[in-house]
Amino acid sequence: MTLAPILVLAAALFSMGIYGLLARRNAVMVLLAVELMLNAVNINLVAFEAAIRDSLATGQIFAIFVITVAAAEVGIGLAIVLMIFRNRHSANLDDFATMSG
Amino acid sequence: MNQMLFRFAEEAPEFSTGGAMQEWAWLILVVPFVAVAGIVFFGKRMKYQGAELAVGMMAFVFVYGLILWIQTMTDHVVYQNSIVIARVSDTLVFEWGWVVDGLSSMMYFLVGTVGLLVFIYAVGYMRGDVRYTWFFASFSLFAGAMLVLVAAPNLAQLIVGWELVGVASYLLISHYWEEKENSSAGMKAFFTNKVADVGLIIGAIALSGAVGSFRIDDILDAATHGDGSMNAPLFGSTVAIAGALLLFFGAMGKSAQFPLHIWLPDAMAGPTPVSALMHAATMVTAGIYLMARMFPLYQTMAQDARPWMIGIGAATLALTGLLALVQDDIKKVLAYSTVSQLGYMMTAVAAGGYTAGLFHLFTHGFFKALLFLGAGSVIHSVHSNNMSDMGGLRKSMPVTFWTFVIGSGALAGIFPLSGFFSKDEILATFSHEGYALVLSIGIAGAFVTAFYMTRTVALTFFGTYKGEGHPHESERLMTVPLIVLAVLAAVAGFVNWPGVFTGFTEWVGTVAFAPLGDYHPESLDLALAATGMGAALLGIAAGWLLYGKDKDTQQARDRFWIPGLYHAFEAKYWLDDVALGLVGVVKGPLARFVDWTNTNLIDAVVNAVGISTRWLGQLVYGAFDQGGIDHAIDAAAAGTGAAGGALQKLQTGRIQQYAGAFVVGAVVLVVGFVIFTN
């Protein structure tokens with residue numbers, strides 16, 4: 001099995017993630033974009049692990065860690081977005097520039 | 001762990017290693033911090049709001065310090081113990097330890113005595129303060145930090161104590177932070193000290209790195225055994241001189257040497273007990289202590305550093321004493337006086353007078369604490385710091401007045417008060433080491449010191465009362481420490497009377513590395529002592545002539561003020577009487593001549609001396625201190641502020657702009673990586 005198509009897929013996913021992160025204004029969509037990027041990384045981890053036939057299965061284990069962290073992150077992220085939405089009635093990131101110096 | 005280490009120089013093998021008191025001396029370092037924690041957490045619920053813990057702690061330090069010092073006197077104990085905290089390499093080890101030798105015992109005793117009296121005084125002085133409990137917590141921290149510094153057997157622990165002293169001083173100086181000036185004064189003190197601390201830290205790293213040990217003993221060992229010692233190949237004279245000068249730079253900040261003295265007068269914004277402790281025992285003595293602790297280094301490998309130190313010390317002595325002449329704030333007079341006296345100590349230590357500098361530190365601790373507490377007692381009663389609001393207080397505040405006079409006399413160096421002996425020893429050191437210019441500056445400094453102290457006493461306690469309300473003597477809680485300190489200020493000089501009893505020399509010489517080349521006179525040099533004392537008396541006379549002319553209290557002043565000398569110098573009234581009598585009897589040219597001499601020559605000389613001294617003081621204060629140094633500091637602060645304002649614009653608060661910058665950075669890194677690895 002060749003590695004290249006899988007890496008291209010991961011790179012495409014990652015680029016979509018970056019686009020979403022930078023271009024979307026809705027906080028929920030930005031969180032989704034971050035998830036996309038994390039999963040692109042997961043694909044890379046698993047693909048490389050399969051390619052070098054790592055007997056310790058490091059890549060898969062690492063991918064599971066990333067998924068766990070991502071779950072925690074999205075949990076906290078959504079909670080924050082929810083609280084902001086309740087207080088400000090908006091999920092638009094441009095409205096939250098209160099930390100401006 | 002807990003390894004014992006005793007190191008002695010070959011010259012002094014007769015020291016004993018101490019016993020249980022020395023082994024348990026770590027209590028001196030721990031008890032103050034336990035007291036701080038106790039006051040912070042439980043202080044408000046206690047009967048005296050935490051003050052009893054603070055005073056009890058200081059009483060413990062006093063008793064323990066006294067015992068340790070007595071043991072030093074009788075048994076010549078040099079004890080050192082360290083506990084390993086962390087290992088950097090085989091030799092470079094972070095340790096926490098305590099030293100009990102002549103030098104540190106003297107400091108324990110000084111901090112304990114002055115501290116206990118000042119703490120008791122503060123119980124009365126601070127009563128009713130908004131942050132009474134918090135004050136005693138920071139005050140205890142201040143004393144505890146100084147003890148950590150003094151006990152340090154290695155430079156790392158010394159820096160920890162040094163910085164803690166800085167933090168505590170910041171808290172205490174800006175104690176009344178409701179007014180902007182006071183919090184600014186705290187920051188000024190902190191930042192000025194921080195500038196100097198950079199020197200201390202770099203110097204400590206340089207010396208410790210080259211020698212391969214943080215231990216002061218090891219550094220002094222390498223220094224006294226010269227270049228290219230087997231165990232310290234990196235330690236050459238360049239490193240030694242650079243390190244020594246950097247340590248001195250650190251000492252310049254804490255010990256307020258010109259031009260880093262600027263923080264000390266502003267530090268008067270804090271409560272008066274803070275000023276008293278800061279000027280007498282804890283903060284400003286740290287620099288002198290460090291120089292004394294490292295004395296063998298400056299006498300051996302870093303000898304070339306000494307001219308700089310003498311120059312700066314002498315400049316401090318000469319310039320800041322003059323500033324005291326033009327101050328209206330009584331505490332600022334005392335503050336500039338402290339700076340000037342620190343100049344004496346620093347110059348003395350740099351010139352090779354280890355004992356002389358420490359002796360002056362010792363006596364100065366007592367009389368300067370006394371003067372500050374006396375000033376505090378006056379301020380407490382008049383509700384103003386300015387001498388233009390005081391006057392005539394000697395009747396309403398007799399105890400404060402007499403103790404203040406004793407303190408002023410000691411500061412001016414009047415025999416047999418303590419300042420006379422210590423100042424004379426310093427002058428003898430300058431004379432013996434051949435620093436003629438510094439000696440003359442020292443004698444001139446004695447004149448100026450006596451001059452401004454006379455002015456202060458005259459303006460505060462003589463003449464008519466110019467303030468509001470009815471001043472009254474302070475409560476017993478405040479006057480008793482004054483009396484005890486006055487006794488100490490009067491008699492402390494007798495512990496080192498050349499030719500009669502020189503115990504102090506022996507006691508502070510009880511250190512692991514004997515203070516090489518330290519000069520201590522065998523007997524009192526009468527000519528020099530007379531010169532120094534003469535300068536002081538001349539200063540008192542000149543000050544009195546200029547500031548003491550307040551007719552309505554003339555009689556009381558005549559009774560009090562050193563009658564013979566006073567009359568001789570108060571030539572105007574005396575010669576007036578003679579001249580009038582002669583005019584009445586002979587009406588001849590002689591009478592007119594005497595009258596003419598009196599009004600034109602003698603007065604003119606006295607006035608010219610006074611006015612030119614005052615003018616010089618004003619010039620130095622305005623041009624140097626306020627104009628030059630303060631502006632430079634202000635400009636540096638404004639520059640920092642402007643840079644902050646410019647960088648502020650980057651802080652947009654838009655998270656996606658941050659993410660964009662992040663992505664661009666990552667892309668640049670990746671592209672760079674690809675380009676440079678292929």
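Student: What is the mean pLDDT of chain B?

Tutor: This is a predicted model, in which local features need pLDDT of at least 70 and side-chain atom pairs count only at pLDDT 80 or more, while totals for chains, interfaces and linings use all residues. The mean pLDDT of chain B is 82, and 90% of its residues reach 70 or more; pLDDT is the predictor's confidence in each residue, from 0 to 100. Residues are numbered from 1 along each chain as its sequence is written, and chains are lettered from A and ligands numbered from 1 in the order in which they are written.

Student: Where in chain B is the pLDDT below 50?

Tutor: Residues 551-576 of chain B are such a stretch, with 23 contacts in the model beyond near neighbours in sequence, a contact being two residues whose C-beta atoms, placed from the backbone, lie within 7 Å. Over residues 1-13 of chain B the pLDDT also stays under 50, and there the model has 19 contacts beyond four places in sequence.

Student: OK, and what are the ipTM and pTM scores?

Tutor: The model has an ipTM of 0.82 and a pTM of 0.69.

Student: How many residues of chain A are in contact with chain B?

Tutor: On the chain A side 10 residues take part, in contact with 10 residues of chain B. By class, the chain A side has six nonpolar, three polar and one charged residues, where Ala, Val, Leu, Ile, Met, Phe, Trp, Tyr, Cys and Pro count as nonpolar, Asp, Glu, Lys and Arg as charged, and the others, Gly among them, as polar.

Student: Switching to helix H15 of chain B, what span should it have?

Tutor: Its 21 residues, 330-350, should span 30 Å at 1.5 Å a residue, and because the end C-alpha atoms are 30 Å apart, the two agree; the expected span is 1.5 Å times one less than the number of residues. Helices here are DSSP runs (H or I, at least four residues), numbered from the N terminus.

Student: Is H15(B) enclosed or open, and why?

Tutor: It is largely enclosed by the rest of the structure, because 21 of its 21 residues are buried, meaning that 20 or more other C-beta atoms lie within 10 Å of a residue's own, with C-beta atoms placed from the backbone (12 or fewer is exposed, and in between is partly exposed). Just after H15(B), Gly352(B) takes a positive phi of about 105°.

Student: Which residues does Thr505(B) contact?

Tutor: Leaving aside neighbours within four places in sequence, Thr505(B) is in contact with Thr355(B), Asn496(B) and His520(B).

Terms used. Helix = DSSP H or I, 4+ residues; strand = E, 2+ residues; numbered from the N terminus.
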